[in-house]
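Hello,

Here is the structure I promised to pass on. Please have a look at it first, and then read on for my notes.

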Amino acid sequence: MSIQKTEKYDLPKAYEFSEIEQRWYERWLSEKSFRARTDDGRPSFSIVIPPPNVTGVLHIGHALNNTLQDVLVRYHRMKGDNTLWVPGTDHAGIATQNVVERQLAGEKLSRHDLGREAFIERVWAWKEEKGGTIINQLKRLGASCDWDRERFTMDEGLSRAVREVFVRLYKEGLIYKGDYIVNWCPRCHTALADDEVEHDPTEGKLYHIRYPYADGSGYVVVATTRPETMLGDTAVAVHPEDERYQHLKSVGISLPLTGRVVPVVFDHHVQREFGTGALKVTPAHDRDDYEIGLRHDLPRLKVMDDLGVMNEAAGVYAGLDRFACRRIVVADLEAQGLIDKIEDYQHAVGKCYRCATVVEPTTSKQWFVSVKPLAAKAVAAVEEGRIKLYPNTWYRTFYAWMENIRDWCISRQIWWGHRIPAWTCEECRKLIVEVEAPDVCPDCGSTRLNQESDVLDTWFSSALWPFSTLGWPEQTRELAVFYPTSVLITSFDILFFWVARMMMMGLHIMNEVPFHDVYLHALVRDKYGKKMSKSTGNVIDPLVMIEQYGTDAFRFTLTAFAAQGREIRMDEERIDGYRRFINKLWNAARFAQMHLKEADPGITELAAEPKGLSLAHRWILSRLSTTIAGVREALDNYNFNDVASISYQFVWHEFCDWYLEWIKSDLFSEELTRRDEAKAVLLTVMEQVLKLMHPVIPFVTEEIWSQLPGRRDSIMRASFPETVEQWTDTRAETTMNLLMDVISGLRTIRTEAEVHPSANIEAMLICPDEEQRRILEQYADGIRSMVRAASLRIEASGVVPDDAGHGLVQGVELVVPLKGMIDVAGELEKLAREQVKLQKELERVVGKLSNAQFINNAPEAVVAKERDKETEIRTRLAKTAESMERLSKLR
């Protein structure tokens, strides 16, 4: 691997991120900087990317997830670990098939017109043309994946792994085929697993229907939200101890609209206190009813087909769409006087997670994984601490879900995906399940074998991702070095879709956990806590943010917002704010470059032992060591927001605002030793800061690093900073804290009194504490310089004049006489004009917010913006009034 030489140049005034980002990413790729090493004797760190759908484009959730992964990967790479980040994409069965079917519809074709093989070829062609979009977008984000190891859930190696696992589980009795109630999507024409159904609160109706007794002696009222399913009722259920219905043991129910008589069954599942205590039972179209049907050997009568259309069993309603049928059934019941009442009713309606179609529970022959034995292993691994969840608030949810887990329906009635490796012999009906396609039936010798037409749930192949991507079932070097992986970073909303299933498969197939830690990050919402959606107009597009503010500013914002919890409120204004932080770092580097251009890189040895250095140098090195410790601890514990806040505080407020200002006189000093010490510490801090922040903001740190003195390799091959014990100096920190508080206090007095920036003030410090007084006297010149004071008196006691600005910090009184320092009349006149202007603007905004038509018709984001504006104006008015009151006292 050849390392390119970087040309030195003077850093320009503006940080032009677009050119720098493109140039460095291309160079990292050409130098194979992301390639994983598998050296003996090194710790290993590995992450497998949550594979985005091959149909996907980068959204804010992807950006957050992959930024956090990249932060950890770059950190561990700089620590010297064997570091691997496996990239890849998911074939996304239903989603991808839908995309290509829409494409065909535009050509007035369907997949059935093409046939299965031609359709799958068409999907592969689409994947080759369009499927790399999100990978290229991840590169724009700066993702340092080992791109030579990119995988796809339907590539040859992973397909073999899927077949191997399916066959093994089948032969162990953990995969079976059987009739069962499933969630069916009439739009996608396939079964859905429980966690692929999203339950949204929906306003609907609760219909109370009179079911006559078969002997005509009365009726029982049952309630349902889906009256069309009554056509498939095969019983009415009541509680065995409900005295109201004991007489019905020998009397059936005359099912309305059908002419059928159905039995009354007695089942403990029924809640006798709820409603009338009677429950209509539709075993073919309701999960609970299905279980009741099994217990009482009831027939399962399907009254609608896979398209959600009523079938022949629905009698005169055959051919009607299920919702049209509902309306007509209710009308017919009303005509016969069988509707007792209809109530408005809010209930959770299951919808397909892909197309939002209302899901229909129905019976079907499907393939299932028996998950209870697998789930027990996953629960044990978490209980024993072999897998840790971050944040720890997720443990209770995890255990509750795993205890109530149902068998996993893994078959899908689509064409794109891993076709189930099962064949049925046409002669003897034997079911053959093997990794490779059989030529003949092992029982009768027939060659007439038909493969199962269903494909596997996309999540089946994803569940094998941590070990299949490392080469399993082959025993590869990567598998030996990097499995189990170190951590999984993903959104909490797929904890059960994916994370739990990876645990189950990894423990069962590999006899080892798939990862040691699971970090579940929050969902990203807008600044008001609303879900982002195109219809609301509040979507933050990562690519637009990158174009506008630069990748580093965007990444830093994501990291800063990534507190452990369930919700992140993203605000574009904060991205702009962190862009200014990147510029602050850039300008600090320009200042440093001006003084370090001709410096020998070895000059940093002067900072190795700081005891003889001046206060500012000792203080900044002590703060740097503390900052390094804080960042390392935050990274090791996945407290990403602390990484950003600790770094920000040090760079902006300590290094830039204080240290660089404090050492300017040293850098321009005629004393060589004083200049060299300042250069040594300045270069040391710059190097450590750049390395410390590289995992979060890789582009700007790499560019600045390349321009520091000496020939340099890439910053990502530099060692991550470690704390330096001899840098810790609590006395220097205490002393500087006093000086900074005094200087800040005096500056605040100047600002609040609106003293002109170029004017020199007279200042007095009243300090009763002798040790503090000694320190203030020792550094009086520095204080005078930084607050623009013509004179500075330091007294043990004194009187504060009435016309003076006053403050108190650490027991030290700050006094600045103000009479004659400002044009009181002129400032009051200016503030009065500002007050009138703000008052008019406030009246306009309040009037708008008082307009009911505006509130009801304007988008939420627009209304919220006006409310924010009202708050801002009121704040500015209050501050204006405070300033006027303060100035009035100086007349």
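Which elements do the buried residues of H10 pack against? They pack against strand E15 (360-369), helix H11 (395-403) and helix H15 (495-510).

Before the details, a word on the source. This is a predicted model, in which local features need pLDDT of at least 70 and side-chain atom pairs count only at pLDDT 80 or more, while totals for chains, interfaces and linings use all residues. Residues are numbered from 1 along each chain as its sequence is written, and side-chain values use heavy atoms, with hydrogens and water left out.

The whole chain

The protein chain has 29 helices and 30 strands; helices (H or I, at least four residues) and strands (E, at least two) are DSSP runs, numbered from the N terminus. Along the principal axes, its C-alpha atoms fill a box of roughly 110 × 65 × 55 Å. Of the 891 residues in the protein chain, 54% are buried. Here buried means under 20% relative accessible area, exposed over 50%, and partly exposed in between, with a 1.4 Å probe and protein chains only. Among contacts (heavy atoms within 4.5 Å) with a separation of 6 or more, 77% are between residues 24 or more positions apart.

Helix H10

Back to H10, which runs over residues 372-383. At 1.5 Å a residue, its 12 residues should span 16 Å, and the end C-alpha atoms are 16 Å apart, which agrees. The expected span is 1.5 Å times one less than the number of residues. Buried in H10 are Leu374, Ala375, Ala378, Val379, Ala381 and Val382. They cover an arc of only 160 degrees around the axis, so they sit on the same side of H10; the arc is that of the directions from the helix axis to the C-beta atoms. Just after H10, Gly385 takes a positive phi of about 80 degrees.

Helices H16 and H17

The axes of helix H16 (residues 542-549) and helix H17 (residues 551-561) come within 7 Å and cross at roughly 125 degrees. That makes H16 oblique to H17. Axes are lines fitted to C-alpha atoms, for helices over the stretch in contact, and angles run from 0 to 180 degrees between N-to-C directions. Angles under 35 degrees count as roughly parallel, over 145 as roughly antiparallel, 65 to 115 as roughly perpendicular and the rest as oblique. On the H16 side the contact is made by Pro542, Met545, Ile546 and Tyr549, and on the H17 side by Thr551, Ala553 and Phe554.

Ile546 of H16 is buried, with a relative accessible area of 0%. Leaving aside neighbours within four places in sequence, Ile546 is in contact with Phe17, Glu21, Arg140, Leu141, Thr551 and Phe554. The C-alpha atoms of Ile546 and Leu141 are separated by 7.9 Å, although these residues are 405 residues apart along the chain.

Two more residues

Pro256 is in the loop between strand E10 (253-255) and strand E11 (260-262), and it counts as buried at 5% relative accessibility. Beyond its neighbours within four places in sequence, Pro256 is in contact with Arg210, Tyr211, Pro212, Met230, Leu333 and Leu338.

His76 lies in helix H2 (residues 60-78) and, at 12% relative accessibility, counts as buried. Not counting residues up to four places away in sequence, His76 touches Phe45, Asp81 and Thr83.

Best wishes
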